[in-house]
Amino acid sequence: MSYLSEREKQRYSRQIGLIGEEGQSKLSRSTVLVAGVGGLGSASSLYLVAAGIGRLIIVDRDFLELSNLNRQILYSEKDLGRPKVELAAKRLKELRGDVEIVPLKIDVFEDAFEDAVKDSDVIVDGMDNWKARFRINELAVKYRKPFIHAAVGEWYGQLLVVLPGKTPCLHCLFRNAKPPEKPPSIFPPSPGVMGILEAAEAIKILTGRSISVGKLIHIDFLRMEFREIRVARDPNCPVCSKLAES
Ligand SMILES: [Zn+2]
């Protein structure tokens with residue numbers, strides 16, 4: 001029995017050798033929540049849609065500004081001033097007509113965001129602040145959804161896969177993270193690289209491949225140095241310590 005149409009077999013012919021028709025079919029039945037379609041979310045959503053994710057919920061309440069265009073590759077000059085989720089939905093549908101995009105022009109603190117978390121298989125962090133990330137982390141733990149965190153600032157990027165009940169959550173590791181006094185400068189390719197790494201981990205989670213568990217990946221783009229930092233759960237973490245190992 002074949003899981004895919006002839007067109008799908010052709011479209012994904014260069015990846016089916018890695019994930020199989022069954023894996024490809026799983027992607028087409030999956031929902032990924034991309035929380036924030038800025039620099040990180042631009043890159044992750046393009047790769048997720050290209051790879052065949054069936055349904056993408058994209059969340060962002062912002063409008064496109066000129067200073068976004070040095071790194072947010074979903075958008076163009078002609079789009080300035082328009083809501084990002086609307087623009088992102090249009091661009092992603094151009095890439096693949098049969099993807100279902102659910103654009104939500106909301107804040108992550110709204111109830112509708114909690115519903116979106118419940119409705120998704122994997123959550124991808126495209127946020128630019130810790131307050132919003134901690135909210136997503138709490139919901140991911142509450143509903144036991146895999147959550148892929150990435151962040152960028154200046155010459156650096158970091159990546160962490162949170163599997164609630166198995167690996168440290170963001171609160172375990174970053175509860176004392178201080179918000180910067182002003183938005184940091186960002187080396188333009190860094191959110192692209194980190195967003196693509198998020199898409200890579202999401203695709204592997206959805207197709208049952210090995211993922212980066214229990215390590216924080218840190219990249220120094222200026223020196224081009226990659227570090228893997230072993231991390232462990234905090235047994236007293238107020239967010240995730242009540243979840244038994246599963
Ligand atoms: Zn925790």
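Helix α4 spans residues 84-95, twelve residues in all, and its first and last C-alpha atoms sit 16 Å apart, close to the expected 16 Å (1.5 Å times one less than the number of residues). Helices (H or I, at least four residues) and strands (E, at least two) are DSSP runs numbered from the N terminus. This is a predicted model, in which local features need pLDDT of at least 70, side-chain atom pairs count only at pLDDT 80 or more, and totals for chains, interfaces and linings use all residues. Residues are numbered from 1 along each chain as its sequence is written.

Which residues of α4 are buried? They are K84, V85, L87, A88, A89, R91 and L92; buried here takes 20 or more other C-beta atoms within 10 Å of a residue's own, with C-beta atoms placed from the backbone. An α-helix has 3.6 residues a turn, so residues three or four places apart point the same way. The cover over these buried residues includes α3 (39-51), β2 (55-59) and β3 (100-104), with contact meaning C-beta atoms within 7 Å.

As for the sheet, it is open, with eight strands in the order β3-β2-β1-β4-β5-β6-β7-β8 and mixed pairing; strands pair if DSSP finds at least two bridges between them. At the edges are β3 and β8 (225-230), each pairing on one side only. Further in, β6 (156-162) and β7 (215-220) pair antiparallel over four bridges, and Q158 has H218 in β7 as its bridge partner.

Back at the helices, α4 lies across β2 and β3, at about 170° to β3. Helix α5 (111-118) lies across β1 (31-35), β2, β3 and β4 (122-125), at about 155° to β2. Angles run from 0 to 180 degrees between N-to-C directions of lines fitted to C-alpha atoms, for helices over the stretch in contact.

How values were computed
A residue is buried if 20 or more other C-beta atoms lie within 10 Å of its own, exposed if 12 or fewer, and partly exposed in between; C-beta atoms are placed from the backbone. Two residues are in contact if their C-beta atoms, placed from the backbone, lie within 7 Å.
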